[in-house]
Amino acid sequence: MSPSRLLADDAPEIRSQLSSITGEALGGLSLDLVTVSGGVEVSFRKPSLKIIGPWK
C-alpha cells in the first residue's frame, strides 16, 4: 500500500460528509507524520482532509 493512496482511500467518507452540506464547505488540509516500524523504521507525511462544516 502506497502512502500516496491514503487520501484517496478516505474519499468515500469525505464524500459522505460533503453530501450533508448545502453550498460551499469549509475544510482543512494537513500533513500528518506517520512512522512505521517493521525491521526498518520509515516515516512519511500522510495527507488528511477534515470537513469543518458549511462555509458561512
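These questions and answers go through a predicted model of one chain.

Residues are numbered from 1 along each chain as its sequence is written. Local features need pLDDT of at least 70, side-chain atom pairs count only at pLDDT 80 or more, totals for chains, interfaces and linings use all residues, and side-chain values use heavy atoms, with hydrogens and water left out.

Colleague: Which element has the highest mean pLDDT?
Modeller: pLDDT is the predictor's confidence in each residue, from 0 to 100. The chain averages 88, and 93% of the residues score at least 70. Helices (H or I, at least four residues) and strands (E, at least two) are DSSP runs, numbered from the N terminus. Helix 1 (residues 6-9) has the lowest mean, 82, and the highest, 93, belongs to helix 2 (residues 11-19).

Colleague: How many bridges join strand 1 to strand 2?
Modeller: Two strands pair if DSSP finds at least two bridges between them. Strand 1 (residues 25-38) and strand 2 run antiparallel. Thr35 stands opposite Ser43 in strand 2. The number of bridges is 14.

Colleague: Which residue in the turn of the hairpin has a positive phi?
Modeller: Strand 1 and strand 2 form the hairpin, with 1 residue between them. The phi is about 95°, and the residue is Gly39.

Colleague: Which residue forms a salt bridge with Asp10?
Modeller: A salt bridge is a side-chain nitrogen of Lys or Arg within 4 Å of a carboxyl oxygen of Asp or Glu. By this rule the count is 1. The closest N and O atoms are 3.9 Å apart, and the partner of Asp10 is Lys46. The pair links distant parts of the chain, 36 residues apart: Asp10 in the loop between helix 1 and helix 2, and, in strand 2, Lys46.

Colleague: Is Ser48 buried or exposed?
Modeller: Buried means under 20% relative accessible area, exposed over 50%, partly exposed in between (1.4 Å probe, protein chains only). Ser48 lies in strand 2. Contact means heavy atoms within 4.5 Å; not counting residues up to four places away in sequence, Ser48 touches Gly28, Leu29, Ser30 and Asp32. At 19% relative accessibility, Ser48 is buried.

Colleague: What accessible area do Leu26, Ile52 and Trp55 have together?
Modeller: They form a nonpolar patch on the surface; patch residues have over 30% relative accessible area and no salt bridge, with like charges joined within 9 Å and nonpolar side chains (Val, Leu, Ile, Met, Phe, Trp, Tyr) within 5 Å. Trp55, in the segment after strand 2 (40-54), is exposed at 53%. Areas come from the Shrake-Rupley method with a 1.4 Å probe, and for residues only the protein chains shown count as cover. Together the three have about 320 Å².
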